[in-house]
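Please examine the sequence and the structure shown below. A briefing on selected features follows.

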Amino acid sequence: MGEHTTAAFLLLAIVVVGVANGAVLPRFIESTEPTDVPMNLTANIIVRDGYYVEQHEVTTADGYILTMFRIPGSPSNPIRVGKNVAFLMHGLLSSSADYVISGPGRALAYLLVDAGYDVWLGNARGNTNSRRHIFHDPDARNTNFWDFSWHEIGYFDLPAMIDYTLAYTGHTTLHYAGHSQGTTSFFVMASTRPDYNKKIRSMHALAPVAFMSNLRSPFVRAFAPFVNQLEWIMAMLGVNEFLPSNDMMILGGQRLCEDESPFQEVCANVLFLIGGFNSPQLNRTMIPALLENAPAGASVNQLVHYAQGYNSGRFRQYDFGLTLNLIRYGSIRPPDYPLHRVTAPVALHFSDNDWLAAVSDVRELHAQLSNSIGLFRVSDPRWNHLDFVWGIDANTFLYERVISFMDRYN
């Protein structure tokens, strides 16, 4: 109990520091030509790397204004009508920058563009690109803006972004790839809104997270036993955002984690403690850029919902407590997600050293899906949770296979 208590208070201290400052809202600019105009991090990276970029906005049914980025081509792969569409969705506390930050020849978004795809990058409500609502102010005290978990991202955000993407491109189906929470939210959408399965040509779950009872991450294992207390404390403090992006955190990451810093290896080990150790796959020079992208902000309820899943061993909706569960669900416990309703073809890409998506939990997910393409293990035995998006050799170990599967389902 003493060790758990110490860990919980340390985590609480991190949360309080992280929520002290709000994120800076990005400028929204649409461009299909390289430009020197200041832009959001994702768009800036894409322009820097010589690819074309557009910014698009969509409003969800419950009022959140989301930003998507489209990479329709590059000078070496011109824009043309009719390209097959690939939609990429980021993980928890992250953003669309995940799929471009590694640069040409390595980042999944660029590899897909180079392979002839029209690539769209989604952003979930609450991150640095999607901190707007038609009524609610994310920075106001006691705002309702943050009253969501990854359930709402799957139920509202993904359908809105997918519908917009298909309408804009004139397609009726697309390929989907998600990392971590980007897989969780997909399984929410496909199980609770099954009509969207027919809009998915293929789904590629990178480090899939649904069942969580066997994960090894010390952060989640320390946090989960105290989830109810932390939820109550945050509610009493009026704090609903978890680790927003802010200038102080970005500057600290740049100074402490740059190549010349004696603390760079400490920064690397913090990342390893989250998702597993794999030193050869982390580009340490890139750590300051990674910390400019993540943490990108999330609601406290997203973390709480994951902790509930770890504690219960089930993939089910948010637990509001006995009384509110009865009102909302008609039962004292939240319902499980009906995974048998997921009929889109799903490929589960996993690894042995993923501390957040344990092999046994991925196998449980596979057993409950009605149309799984299969289980595909990354051959590197040290491959961790973050390597799926940031690994130096992700193309060789993973992306070539993902693109090959997409081509097969065209």
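**Leu206 and its surroundings**

Apart from its neighbours within four places in sequence, Leu206 contacts Leu108, Gly178, His179, Ser180, Thr183, His349, Phe388, Leu398 and Val402, a contact being heavy atoms within 4.5 Å. The model is a predicted one, in which local features need pLDDT of at least 70 and side-chain atom pairs count only at pLDDT 80 or more, while totals for chains, interfaces and linings use all residues. Residues are numbered from 1 along each chain as its sequence is written, and side-chain values use heavy atoms, with hydrogens and water left out.

- Leu206 belongs to strand β7 (residues 200-206); strands (E, at least two residues) and helices (H or I, at least four) are DSSP runs numbered from the N terminus.
- With a relative accessibility of 0%, Leu206 counts as buried; buried means under 20% relative accessible area, exposed over 50%, and partly exposed in between (1.4 Å probe, protein chains only).
- The C-alpha atoms of Leu206 and His385 are 8.7 Å apart in space, although 179 residues separate the two in sequence.

**The chain as a whole**

- The protein chain contains 15 helices and eleven strands.
- Of its 410 residues, 58% count as buried.
- Among contacts in the chain with a separation of 6 or more, 75% are between residues 24 or more positions apart.

**Helix packing around α4**

- Two packed helices are described by the angle between their axes and the distance between the axes.
- Helix α4 (residues 150-169) packs with helix α11 (residues 300-312) at an angle of about 110 degrees, their axes being 8 Å apart; axes are lines fitted to C-alpha atoms, for helices over the stretch in contact, and angles run from 0 to 180 degrees between N-to-C directions.
- α4 and α11 are therefore roughly perpendicular to each other; angles of 65 to 115 degrees count as roughly perpendicular, under 35 as roughly parallel, over 145 as roughly antiparallel and the rest as oblique.
- Trp150, His151 and Ile153 of α4 make this contact with Gln302, His305 and Tyr306 of α11.
- The contact of α4 with α11 comprises three nonpolar, three polar and no charged residues; Ala, Val, Leu, Ile, Met, Phe, Trp, Tyr, Cys and Pro count as nonpolar, Asp, Glu, Lys and Arg as charged, and the others, Gly among them, as polar.
- The axes of α4 and helix α5 (residues 181-192) come within 8 Å and cross at roughly 80 degrees, so α4 and α5 are roughly perpendicular to each other.
- On the α4 side, the residues that meet α5 include Trp150, Tyr155, Leu158 and Ile162, and their partners in α5 include Thr184, Val188 and Met189.
- By class, the contact of α4 with α5 has nine nonpolar, six polar and no charged residues.
- Eleven of the twelve residues of α5 are buried, among them Phe186, Phe187 and Val188.

**Ser130**

- Ser130 is located in the loop between β4 (118-121) and β5 (132-133) and, at 0% relative accessibility, counts as buried.
- Not counting residues up to four places away in sequence, Ser130 touches Ile65, Leu66, Thr67, Asn123, Ala124, Arg125 and Phe145.
- A polar atom of the Ser130 side chain lies 3.3 Å from the backbone nitrogen of Thr67.

**Backbone geometry**

- Most residues other than glycine have a negative phi, and most peptide bonds are trans.
- Ala294 and Pro295 are joined by a cis peptide bond, with omega of about 5 degrees.
- Leu93 has a positive phi near 65 degrees and is buried, with a relative accessible area of 17%.
- Asn142 has a positive phi of about 60 degrees but is exposed, with a relative accessible area of 55%.

Notes. Polar contact = N/O pair within 3.5 Å; in protein donor to acceptor, adjacent residues only side chain to side chain.
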